[in-house]
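This report describes one protein model, from its confidence to its helix contacts, salt bridges and backbone features.

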Amino acid sequence: MQPMLDATVFIVDDDASVRDALAWLLRSRRLYSETYDSAEAFERKLEAGFAPNHACCLLLDVRMPGMSGLALFDKLVERKLQSDLPVIFLTGHADVPTAVAAVKRGAFDFCEKPFSDNALVDRIEQALAQSGRNVQARHEQAAVRTRLQDLTERERDVMRLVVEGLPNKLIADQLDISVRTVEVHRSRVFDKMEVKSAVELANLLRNL
């Protein structure tokens, strides 16, 4: 297995032996992990402003003293982090219905204790891959929004009509400007938005 660069697996479990075993398992598969002994400890990380900026996932015990894993998951949902930070619940047999309900609400999966190391790592890798895609898409969307902010009001007008598929002559007529002026604005829009065609521009904006 190739190591996943900049990927982090967060482990939240009140049982030190479970945390240590999971951390060792992940090290053996060249995956970096951080461990937390309670849901409250990880909640403090959230309250400090944590937001995923690289591939990561959360291994979360369902039953813990104090705040439960399900309550922590609710806080992730409130912050809309469950896509960038996929949650894999670690459950006992009695908690399976609860874990299934959480999956329906956006958790990535659950693994029933005792779990297969290989099966768990497979799901962790899939969760990290999903997280990486989501984080990358969010970064790309933020970059597009930044480029949009650099457009002038007239460039925005031209861009809107270009995306609608209007030729330069009709754009000029609608905006009461010359065709040459439309061409200049169109070129600037393409440069600023880092695209080479109207189709590419439309696809870029559609992804927002």
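The sections below take these topics in turn.

## Model and confidence

This is a predicted model, in which local features need pLDDT of at least 70, side-chain atom pairs count only at pLDDT 80 or more, and totals for chains, interfaces and linings use all residues. Residues are numbered from 1 along each chain as its sequence is written, and side-chain values use heavy atoms, with hydrogens and water left out.

The pLDDT (the predictor's confidence in each residue, from 0 to 100) averages 91 over the protein, and 97% of the residues score at least 70. Confidence is highest in β1, at 97, and lowest in helix α4 (residues 96-104), where the mean is 85. Helices (H or I, at least four residues) and strands (E, at least two) are DSSP runs, numbered from the N terminus.

## Helix packing

Helices α1 and α5 pack with their axes 11 Å apart, at an angle of about 70 degrees. Axes are lines fitted to C-alpha atoms, for helices over the stretch in contact, and angles run from 0 to 180 degrees between N-to-C directions. The pair α1 and α5 is therefore roughly perpendicular; angles under 35 degrees count as roughly parallel, over 145 as roughly antiparallel, 65 to 115 as roughly perpendicular and the rest as oblique. In contact here (heavy atoms within 4.5 Å) are L22, L25 and L26 of α1 with D117, L120, V121 and I124 of α5. By class, this contact of α1 with α5 has six nonpolar residues, no polar ones and one charged. Ala, Val, Leu, Ile, Met, Phe, Trp, Tyr, Cys and Pro count as nonpolar, Asp, Glu, Lys and Arg as charged, and the others, Gly among them, as polar.

The axes of α7 (residues 168-175) and α8 (residues 179-193) come within 8 Å and cross at roughly 105 degrees, so α7 and α8 are also roughly perpendicular to each other. On the α7 side the contact is made by N168, K169, I171 and A172, and on the α8 side by V179, V182, E183 and R186. The contact of α7 with α8 has four nonpolar, one polar and three charged residues.

Helix α2 (residues 39-47) has the buried residues A39, A41, F42, E43 and L46. Buried means under 20% relative accessible area, exposed over 50%, and partly exposed in between (1.4 Å probe, protein chains only). Among the elements that cover the buried residues of α2 are β1, β2 (32-36), β3 (56-61) and α3. G49, which follows α2, has a positive phi near 105 degrees.

## Salt bridges

There are 14 salt bridges in the structure, each a side-chain nitrogen of Lys or Arg within 4 Å of a carboxyl oxygen of Asp or Glu. One of them joins K113 and D13, at 3.8 Å from N to O. These two residues are 100 apart and link distant parts of the chain: K113 is in the loop between β5 (109-112) and α5 (117-149), and D13 is in the loop between β1 (8-12) and α1 (16-28). K113 counts as partly exposed because its relative accessibility is 30%, whereas D13, at 1%, counts as buried.

R138 forms a salt bridge with D84, with the closest N and O atoms 2.7 Å apart. This pair also links distant parts of the chain, with R138 in helix α5 and D84, 54 residues away, in the loop between α3 (69-78) and β4 (87-91). R138 is partly exposed at 32% relative accessibility, and D84 is buried at 10%.

D173 is partly exposed, at 48% relative accessibility. Elsewhere, salt bridges that share partners join D13, D61 and K113 into one network.

## Backbone features

The peptide bond from K113 to P114 is cis, with omega near -10 degrees. P114 lies in the loop between β5 and α5.

Positive phi values also occur in residues other than glycine. K80, in the loop between α3 and β4, has phi near 60 degrees and is exposed at 69% relative accessibility. E194, in the loop between α8 and α9 (198-206), has a positive phi of about 60 degrees and is exposed, with a relative accessible area of 57%.
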